[in-house]
Amino acid sequence: MTVIMSNNRIMDTLLKWIMAVVGSLLSLFAPVTPLVLCALTFVMIDFVMGILAGRKRAARQHKDWYFSSDKAWKTVIKLTCIVVGIGMCHLIDTQIIDFMNLHLAKLFTGMVCGIEMWSYLENAVEISDAPVFRSLQKYVGKKMKDEVGIDIETAPTGSRRRGNNVKRKKNTI
């Protein structure tokens, strides 16, 4: 009976330590919860719009449309990277360079949401072909070029570059 009691005490103590660590981590990252939720919202809206745009594109080309779980997993991986990035920026802001007020977590989240917004506009143009989305797309593109110096129309992205996952043969001469 004493062996069972000591095992229960060990488990209770271990559980208390684990809960304390989890609680500490949650309180450390609690301030970035709204940023994570904003990024999550933008990514999920873009994901749904991408599916709708893909269906519209397939119908326009008279092809069968199917949902690929590979695209869903890419979105899960992207969301994980975004949440980790926001967390890392928050740690830099609050624990490492706290005297500079860089607001890196907000900047990082803003960049993510801006890119997702651009993708949303592209998908909205493809789905509805409404002039308002084309106008917004042009306006946002012009603002990005004027204010940030990035021409979003010609900026390379990983998903749009062709052949970025293709292994090239070495020249054997």
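Reader: Does phenylalanine 67 count as buried, partly exposed or exposed, and what is its relative accessibility?

Author: In this predicted model, buried requires under 20% relative accessible area and exposed requires over 50%. Phenylalanine 67 falls between these limits and therefore counts as partly exposed, with a relative accessibility of 43%.

Reader: Which geometry does the aromatic pair of phenylalanine 47 and phenylalanine 67 have?

Author: Phenylalanine 47 lies in helix α2, and phenylalanine 67 in the loop between α2 and α3, 20 residues apart, so that the pair links distant parts of the chain. Phenylalanine 47 counts as buried because its relative accessibility is 19%, under the 20% limit. The ring centres are 6.2 Å apart and the angle between the planes is 85°; since planes over 60 degrees apart fall in that class, the geometry is edge-to-face.

Reader: What is the angle between the ring planes of tyrosine 120 and phenylalanine 133?

Author: This pair also links distant parts of the chain, with tyrosine 120 in helix α4 and phenylalanine 133 in helix α5, 13 residues apart. Tyrosine 120 counts as partly exposed, at 22% relative accessibility. The ring centres are 6.3 Å apart, and the pair is edge-to-face because the planes stand at 85°.

Reader: Which element gives the most residues to the lining of the second largest pocket?

Author: This pocket holds about 180 Å³ of space, and its lining divides into 5 nonpolar, 4 polar and 3 charged residues. The elements that give two or more residues to this lining are α3 and α4. The largest contribution, 3 residues, comes from α3.

Key. Residues are numbered from 1 along each chain as its sequence is written. This is a predicted model: local features need pLDDT of at least 70, side-chain atom pairs count only at pLDDT 80 or more; totals for chains, interfaces and linings use all residues. Side-chain values use heavy atoms; hydrogens and water are left out. On a 1 Å grid over the protein atoms alone, a cavity is a set of points where a 1.4 Å probe fits but cannot get out, and a pocket is an open set with protein on both sides within 12 Å along at least five of seven lines; lining residues have an atom within 4 Å of a point. Grid points are joined across faces, edges and corners, and a volume is the space filled by probe spheres set on the points. Helices (H or I, at least four residues) and strands (E, at least two) are DSSP runs, numbered from the N terminus. Ala, Val, Leu, Ile, Met, Phe, Trp, Tyr, Cys and Pro count as nonpolar, Asp, Glu, Lys and Arg as charged, and the others, Gly among them, as polar. Rings of Phe, Tyr and Trp (its six-membered ring) pair if their centres lie within 6.5 Å; planes under 30 degrees apart count as stacked, over 60 as edge-to-face and the rest as tilted. Buried means under 20% relative accessible area, exposed over 50%, partly exposed in between (1.4 Å probe, protein chains only).
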